[in-house]
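Please open the model in your viewer and keep the sequence panel beside it. The tour below goes from one selection to the next and says what is found at each stop.

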Amino acid sequence: MAVHPDVTFVVDHYTEDWDDVWWARVRGTARMAHGDEEAKAVSLLREKYPQYQSHQLARVVAVDVTEVRGWSGS
């Protein structure tokens with residue numbers, strides 16, 4: 001990550017009805033979360049998905065967002 005920290009996430013929703021089609025793109029810079037930020041992220045993940053309660057989690061990647069774009073058919 002230190003070599004190429006730029007990241008992009010794209011989420012889309014497709015249906016046959018193009019009025020309901022949309023996408024969103026988020027660009028940013030990735031970094032490893034530490035301390036309270038990492039603990040908060042793990043806590044929120046375990047709260048939402050109980051199956052992670054007993055799972056040993058790896059490190060948390062945080063993204064500092066620099067751009068958000070989107071489009072919808074409606």
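Two strands are said to pair if DSSP finds at least two bridges between them, and the elements themselves are DSSP runs numbered from the N terminus, with helices (H or I) of at least four residues and strands (E) of at least two. This is a predicted model, in which local features need pLDDT of at least 70 and side-chain atom pairs count only at pLDDT 80 or more, whereas totals for chains, interfaces and linings use all residues. Residues are numbered from 1 along each chain as its sequence is written, and side-chain values use heavy atoms, with hydrogens and water left out.

Along the principal axes, its C-alpha atoms fill a box of roughly 45 × 35 × 15 Å.

Next, select the three strands, which form an open sheet in the order β1-β2-β3 with antiparallel pairing. Because β1 (6-13) and β3 (61-72) stand at the edges with a single partner strand each, one side of each is left without a neighbour in the sheet. Eight bridges join β1 to β2 (residues 22-32), and here V11 can be found opposite A24 in β2. Between β2 and β3 the antiparallel pairing extends over eleven bridges, and V26 faces V68 in β3 as its opposite residue.

Now move to helix α1 (residues 35-48) and pick out L45. Apart from its neighbours within four places in sequence, L45 is in contact (heavy atoms within 4.5 Å) with Y52 and L57.

Which residues make up the largest nonpolar core? Select A33, V42, L57, V60 and A62, the five residues of that core, where a core is a set of buried Ala, Val, Leu, Ile, Met, Phe, Trp, Tyr and Cys residues joined through side-chain atoms within 4.5 Å. Finally, centre on A62, whose contacts beyond four places in sequence are T29, A30, R31, A33 and E37.

Definitions and conventions:
Buried means under 20% relative accessible area, exposed over 50%, partly exposed in between (1.4 Å probe, protein chains only).
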